[in-house]
Amino acid sequence: MSILVTGAAGFIGYHTCLRLLARGEQVVGVDNLNAYYDPALKHARLAQLQEKPGFSFFQADIGDRAAMADIAANNPHVTDYINLAAQAGVRHSLKQPHDYTHSNIEGHLVMLELARANDKCRHFVYASSSSVYGANTKLPFSVEDRVDHPISLYAATKRAGELMSHCYSHLYRIPTTGLRFFTVYGPWGRPDMAAYLFAKAILAGEPITIFNNGDMRRDFTFVEDIVSGIVGVLDNPPSGEGEAVPARVYNIGNHRSEHLMDFVGLVEQCLGRKAEYRFLPMQPGDVKETYADITAIQRDVGFAPTTPISVGVPKFIDWFKTYHGV
Ligand SMILES: NC(=O)c1ccc[n+]([C@@H]2O[C@H](COP(=O)([O-])OP(=O)(O)OC[C@H]3O[C@@H](n4cnc5c(N)ncnc54)[C@H](O)[C@@H]3O)[C@@H](O)[C@H]2O)c1
């Protein structure tokens with residue numbers, strides 16, 4: 001298989017590329033290496049990928065049609081797409097909304113067009129988000145639930161990506177699968193996410209910011225489990241047989257809703273330090289609780305997450321200390 005992975009220098013993209021390369025796939029990585037968070041971390045992930053046979057890399061913006069058409073022309077062997085490049089983060093979408101429409105809508109469309117123009121296209125897999133559930137209160141979140149009340153622009157663009165993909169599956173019979181990720185954490189994780197922010201502040205002796213007085217629950221999912229789901233899904237494209245349209249959307253979470261303060265406690269325990277808490281109200285666009293119903297992905301591809309936070313958090317902290325030399 002030859003797979004074009006966008007967001008290859010990102011957190012989930014890096015781990016996905018590693019897994020695909022380990023099983024002998026040809027991987028074409030694309031990333032614009034933007035400065036939403038420290039690009040040094042993206043370069044460090046990339047440096048590791050570039051040591052592996054079977055990996056090639058192109059620095060490009062997925063919203064740049066000409067650049068992406070060039071990459072496609074130079075890589076006619078590509079059969080599969082994993083579109084992970086996106087502007088992520090709920091809070092940043094309040095400040096820089098156009099970053100989201102550019103990468104998550106225009107960029108997603110450019111990627112769908114590449115798949116459409118490729119008569120060898122086997123499967124188009126892409127990242128969606130648990131944030132599409134908005135302020136839904138029925139738990140766990142099921143792919144059967146309504147998702148037409150987003151409470152952040154990030155969520156709205158992710159939902160738009162799902163709708164555009166369905167449309168391309170319908171019009172052009174492109175098999176597409178969207179994955180609604182639930183709070184992914186692990187080694188090489190994102191500096192704007194809870195695990196990293198907490199570890200960094202605690203080690204610096206600074207208070208950690210906790211929203212909604214800590215009354216939040218998250219379905220924290222370890223990155224290796226996420227990658228198992230991505231690869232499992234990639235290997236099982238919707239055929240369209242028995243389905244009107246070869247388009248699927250799955251939740252991919254740990255199927256355990258953890259109390260935020262338990263997660264904080266584990267980070268403190270692994271670092272051997274108690275944090276000082278700075279409690280703040282709920283942030284606009286944020287949701288109080290997430291919890292994934294993973295019945296569909298379990299049934300169709302045998303997805304079975306195996307990493308509780310008691311195992312995953314120590315792995316993250318080990319990496320964090322090594323990476324930062326502490
Ligand atoms: N990490 C999570 O908890 C989580 C949860 C839900 C959804 N997601 C989604 O999963 C995907 C991967 O997320 P991640 O956590 O690895 O984030 P990340 O920011 O680490 O990775 C995204 C990568 O895409 C690149 N990128 C962004 N815009 C681009 C563009 N226009 N062209 C080319 N490259 C671009 C970035 O440089 C980055 O390296 C994203 O689509 C994100 O929205 C992540």
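A residue is called buried here if its relative accessible area is under 20%. By this criterion, Tyr100 and Tyr154 are both buried. The structure described is a predicted model.

Tyr100 and Tyr154 form an edge-to-face aromatic pair, with 6.1 Å from centre to centre and 75° between the planes. Tyr100 belongs to helix α5 and Tyr154 to helix α6, so the pair ties together parts that are 54 residues apart in sequence. The structure holds 24 aromatic pairs. Another of them is formed by Phe124 and Tyr126, and this pair is tilted, with 6.1 Å centre to centre and 40° between the planes. Phe124 and Tyr126 are buried as well.

The axis of α5 (residues 97-117) and the axis of α6 (residues 153-172) come within 10 Å and cross at roughly 15°. Because angles under 35 degrees count as roughly parallel, α5 and α6 are roughly parallel to each other. Their crossing is right-handed. On the side of α5, the contact is made by Pro97, Tyr100, Thr101, Asn104, Ile105, His108, Leu109, Leu112, Glu113 and Arg116. On the side of α6, the contributing residues are Leu153, Tyr154, Thr157, Lys158, Ala160, Gly161, Met164, Ser165, Tyr168 and Tyr172. The residues of this contact comprise 11 nonpolar, 6 polar and 3 charged.

Helix α7 spans residues 194-204, and its buried residues are Ala195, Tyr196, Phe198, Ala199, Ala201 and Ile202. These buried residues pack against β8 (208-211), α9 (260-271) and α11 (309-324). After α7 comes Gly205, with a positive phi near 70°.

In the loop between β5 (123-129) and α6 lies Pro140, which is joined to Leu139 by a cis peptide bond with omega of about -10°. Leu33 is located in the loop between β2 (26-31) and α2 (39-50). Its phi is near 55°, a positive value in a residue other than glycine. Leu33 has a relative accessible area of 9% and is therefore buried. A positive phi, of about 55°, is also found at Asn212, although this residue is not a glycine. Asn212 is placed in the loop between β8 and β9 (217-218).

The loop between β9 and β10 (221-222) contains Asp219. With a relative accessible area of 0%, Asp219 is buried. Apart from its neighbours within four places in sequence, Asp219 is in contact with Phe182, Thr183, Gly253, Asn254, His255, Arg256, Ser257, Thr290, Tyr291 and Ala292. The C-alpha atoms of Asp219 and Gly186 are 14 Å apart in space, and the two residues are 33 residues apart in sequence.

Methods: Residues numbered from 1 in each chain as written. Predicted model: local features only at pLDDT ≥ 70, side-chain atom pairs only at ≥ 80, totals over all residues. Heavy atoms only, no water. Buried < 20%, exposed > 50% of the residue type's maximum accessible area, 1.4 Å probe, protein only. Helix = DSSP H or I, 4+ residues; strand = E, 2+ residues; numbered from the N terminus. Contact = heavy atoms within 4.5 Å. Axes fitted to C-alpha atoms, helices over the stretch in contact; angles between N-to-C directions. Parallel < 35°, antiparallel > 145°, perpendicular 65-115°, else oblique. Left-handed = near helix turned anticlockwise from the far one by under 90°. Nonpolar A, V, L, I, M, F, W, Y, C, P; charged D, E, K, R; others polar. Phe/Tyr/Trp six-rings, centres within 6.5 Å; stacked < 30°, edge-to-face > 60°.
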